[in-house]
Amino acid sequence: MEIAVIGTGYVGLVTGGCLSELGNNVTCIDIDEDKVATLKQGISPIYEDGLTELLQKNIENGNLHFTTDYKTGLSDKSLVYIAVGTPQGEDGSADLTYINTACESIARDLANDVVIVTKSTVPVGTNEYIKDKIETNLEKNITVKIASNPEFLRQGSAVHDTFNADRIVIGSDDEEALQTLEKANADFNLPIVKTDLRSAEMIKYASNAFLATKISFINEMANLSEKIGANIDHVAKGMGMDARIGNAFLNAGIGYGGSCFPKDTRAIISIGKDAAYDMPILENVVESNDRQRGILVDKILERYETIKGKKVAVLGLAFKPNTDDMREAPSILVTEKLLVEGAIVNAYDPVASDNAKKILPEQINYTSSIEEAVEDADITIILTEWKEIKAFPLEHYKKHMTNAVIFDGRNCFELEGAAGSGVEYHSIGRPTVNG
Ligand code: UDX
């Protein structure tokens, strides 16, 4: 099929790359000239497993193209995906500025009948708005149908997730648009859920809000387990074996971050408010997560009278492993708090340091290895469970640190091993070891 994808962020780039891999002729459109120039050379601006190889292969075989020009990009396409960003607006609702610009450009340059497919996460009702906006601005007499195809991919495994998704959701109020989209997705060979426009939009928000709730729930169980002397590893295992609960997303930690959960939970609350419907569960999920991000520093301040002048090593800055994304990363709040308390902060992340430098306080010293970060440190804090951090033996902290005291926000180590290593080990929802 002839396909255009508007926006080359995480979602757009992965969507365009994967659709071209299926043999479609795909043109990705982005207004950022530098980005398009880099992409044309097959260089991905984001760190995503397998993406560079996928882009290069399909650029070379002629299935994948990039342009800044809407007219060229839209020419002869039957499907046009909108995958521009919908950041959080000041009031918590989704900011539709980029959607509006994309609609105006599509309406100006479209020359044939198309199905517009929204990939961006948009408030319920936005697809009808998009259709209306394009139709009222159309310069030629053509037919535009609209469909929603929300994405559920995770950063770090986006390409893998696209080809191995649990389901593909397609929603439209137009039967022909549904059929076109079903055809476009057939070669993924994955279960397809067909529904109406508004339900498709709602599935995305409801799924992310549910997963965020699951994380906040297990985090609260972890905090309580600590207080009453239980171990959250055992509690989560015992809960997760109940198929109705499921064992995924039961890892307690210092809260969820990233570009989706924080934004989408606030957005669905805002959608509720617009519909005059309060959602106390979700309001508390957001509040619980905000509190969770601060709990490691709270633990440190309980353990020490002051951390003024103490050397603190922070390991892991990205919001989760296998990504360089710093959006809503717990490291933002944690490093700010440490500096306010007067600590000297060394930080290490295998890939996110460059992005971190743009947003974290400038007093932080970045190191190029774990060893360098923890050398002579009084306290180590683990914020992201990178493989490399999990593989760094606890005994080594004893060798490098002045005082081997570790606060692990991601439960990277087994308690038995920690006990034998001799380090003082604090984690989430489990008893302190050697404390
Ligand atoms: C998420 C959804 O999984 C995906 O379906 C949606 O399309 C976009 O948002 P992503 O943000 O890439 O994907 O990351 P994910 O792996 O889901 O993790 C999100 C956050 O939750 C991370 O901060 C992670 O550390 C945290 N998390 C996840 C936990 O704290 N505990 C868990 O058990 C799982």
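Student: Which residues in α1 meet α3, and which residues in α3 do they meet?
Tutor: First, a caution: this is a predicted model. To read a helix contact, list the residues on each side. From α1 come Leu13, Val14, Gly17, Ser20 and Glu21. From α3 come Leu51, Leu54, Leu55 and Asn58. Then sort them by class. The contact of α1 with α3 has five nonpolar, three polar and one charged residues.

Student: At what angle do α1 and α3 pack?
Tutor: Look at the helix axes. Helix α1 covers residues 10-21, and helix α3 covers residues 51-60. Their axes are 9 Å apart, at an angle of about 50°. The pair is therefore oblique. For handedness, α1 passes α3 in a left-handed crossing.

Student: Now α11 and α12. Why is α11 called roughly antiparallel to α12?
Tutor: Start with the angle again. The axes of helix α11 (residues 261-274) and helix α12 (residues 280-293) cross at roughly 150° and come within 10 Å. Angles over 145 degrees count as roughly antiparallel, so α11 is roughly antiparallel to α12. Their crossing is left-handed.

Student: Which residues meet there, in α11 and in α12?
Tutor: On the α11 side, Thr265, Arg266, Ile268 and Ile269. On the α12 side, Leu282, Glu283, Val285 and Val286. By class, that contact has five nonpolar, one polar and two charged residues.

Student: Let me zoom out. Into which domains is the chain divided?
Tutor: Read domains as stretches of the chain. Domain 1 spans 2-195, domain 2 spans 203-291 and domain 3 spans 294-426. Take one pair. The centres of domain 1 and domain 2, over C-alpha atoms, are separated by 29 Å.

Student: How many residues of domain 1 are in contact with domain 2?
Tutor: Count each side on its own. Domain 1 gives 12 residues and domain 2 gives 11. On the domain 1 side, six are nonpolar, five polar and one charged.

Student: Last, the ligand. How many residues surround it, and which are closest?
Tutor: Think of a shell. Here 19 residues surround the ligand. The closest are Gln155, Asn251, Tyr256, Gly258 and Cys260. By class, the shell has 10 nonpolar, six polar and three charged residues.

Student: Where does the largest share of that shell come from?
Tutor: From helix α9 (residues 197-228), with three residues. Domain 1 and domain 2 each give the shell at least three residues.

How values were computed: Residues numbered from 1 in each chain as written. Predicted model: local features only at pLDDT ≥ 70, side-chain atom pairs only at ≥ 80, totals over all residues. Domains from an automatic or database assignment. Contact = placed C-beta atoms within 7 Å. Nonpolar A, V, L, I, M, F, W, Y, C, P; charged D, E, K, R; others polar. Axes fitted to C-alpha atoms, helices over the stretch in contact; angles between N-to-C directions. Helix = DSSP H or I, 4+ residues; strand = E, 2+ residues; numbered from the N terminus. Parallel < 35°, antiparallel > 145°, perpendicular 65-115°, else oblique. Left-handed = near helix turned anticlockwise from the far one by under 90°. Near = placed C-beta within 6 Å.
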